[in-house]
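The sequence and structure follow.

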Amino acid sequence: MGASLSSLTLKESANAGPGLGDIPENCVACVFLYLSPPEICNLARLNRAFRGAALSDAVWQSKLPSNYHRILQMLSHPDANENLSKKDIFALLSRRLPFDDGNKVLWVDRFTGRSCMSISAKAMSITGIDDRRYWNWIPTEESRFNVVAYLQQIWWFEVDGAVQFPFPPDVYTLSFRIHLGRFSRRLGRRVPNFDHTHGWDVKPVRFGLSTSDGQCASAECFLGDHGVKHRGCWIEYKVGEFAISRSDPPTEIKFSMKQIDCTHSKGGLCVDSVSIVPADSKDGRGGRGAS
């Protein structure tokens with residue numbers, strides 16, 4: 001689209017007739033209200049009027065979450081409203097911003113301006129996590145938080161977590177990011193190890209979520225029940241969806257995954273994080289539904 005408009009601009013200049021540069025800046029800004037942020041940034045290269053419209057606070061206000069002031073306060077950036085333009089605030093929020101001692105991150109999707117969140121296993125309550133006979137923390141660049149919780153073996157498997165945040169009104173999907181087996185690097189190659197992986201095909205893992213306004217969702221899944229193709233890969237297990245109708249007061253979301261049948265042990269599992277993204281967003285990495 002940008003290349004076509006550039007060609008059009010050159011032809012109009014050669015004919016000395018009205019061109020794109022003659023379109024009033026406020027008209028261009030009205031068109032930008034209906035475009036995505038990357039499209040706006042590409043078109044800003046065309047001429048002065050487009051560049052001016054691409055800097056308009058009114059344009060970028062429409063791309064920001066409706067309660068971005070509150071989000072900035074929660075993320076310890078309260079002065080951003082005074083010192084930054086709306087475009088700069090969007091750029092700030094489109095980066096992954098950590099909070100809660102770095103165990104949670106929030107960002108807005110750079111195409112849609114919708115809010116997304118990821119929560120580390122470090123922020124969750126995990127049964128037996130302090131006993132190295134059962135669990136270990138493994139540093140890795142494959143984690144969204146540079147560390148994952150690795151289960152060697154346990155009988156009572158339970159992971160619980162919660163977050164309270166003023167999510168903008170939207171419909172969200174919550175998923176667990178899980179990896180069967182552990183992995184390492186050898187001669188520059190990724191090598192999975194399934195020595196401790198067992199017990200997940202005996203009984204299903206139960207996932208659940210609930211919100212402070214009474215919404216609930218649950219799912220069950222045999223971990224690793226996605227075929228050989230996905231063995232040794234990170235998989236997003238979708239727990240369910242919930243809707244936020246208002247951001248004040250903040251909604252509390254509780255979530256869990258458990259397999260507490262003590263008739264058999266299970267092990268060989270990495271727990272990375274929980275993601276909360278808009279239900280139709282591609283930023284959720286395509287979570288696989290648990291049935």
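## One side of a helix

The buried residues of helix H8 (residues 86–93) are Lys86, Ile89, Phe90, Leu92 and Leu93. Buried means under 20% relative accessible area, exposed means over 50%, and partly exposed lies in between (1.4 Å probe, protein chains only). These five residues of H8 lie on the same side of the helix because they cover an arc of only 160° around its axis. The arc is taken from the directions that run from the helix axis to the C-beta atoms. An α-helix has 3.6 residues a turn, so residues three or four places apart point the same way.

## The model and the chain

This is a predicted model, in which local features need pLDDT of at least 70 and side-chain atom pairs count only at pLDDT 80 or more, while totals for chains, interfaces and linings use all residues. Residues are numbered from 1 along each chain as its sequence is written, and side-chain values use heavy atoms, with hydrogens and water left out.

The protein chain has 8 helices and 16 strands. Both are DSSP runs numbered from the N terminus: helices are H or I with at least four residues, and strands are E with at least two. Of the chain's 291 residues, 47% count as buried.

## Nonpolar cores

A nonpolar core is a set of buried Ala, Val, Leu, Ile, Met, Phe, Trp, Tyr and Cys residues joined through side-chain atoms within 4.5 Å. The largest one holds 65 residues, and Phe32, Leu93, Leu174, Phe176, Phe207 and Ile276 touch the most other members. Another core, of 6 residues, lies apart from it and includes Val148, Tyr150, Trp234 and Cys270.

Contact means heavy atoms within 4.5 Å. Beyond its neighbours within four places in sequence, Leu174 is in contact with residues including Leu209, Tyr237, Phe255 and Ile276.

## A buried serine

Ser120 belongs to strand S3 (residues 115–120). Why does Ser120 count as buried? Ser120 counts as buried because its relative accessibility is 1%. Leaving aside neighbours within four places in sequence, Ser120 is in contact with Asn103, Phe145, Asp272 and Ser273. The side chain of Ser120 also reaches the backbone nitrogen of Lys122 at 3.0 Å.

## Cysteines

How many disulfides does a search of the whole structure find? The search finds 0, a disulfide being a pair of cysteine sulfur atoms within 2.5 Å. Cys221 is buried, with a relative accessible area of 6%, whereas Cys233 counts as partly exposed at 35% relative accessibility.

Terms used:
A polar contact is a pair of N or O atoms within 3.5 Å; within protein, one must be able to donate a hydrogen and the other to accept it, and residues adjacent in sequence count only if both atoms are side-chain atoms.
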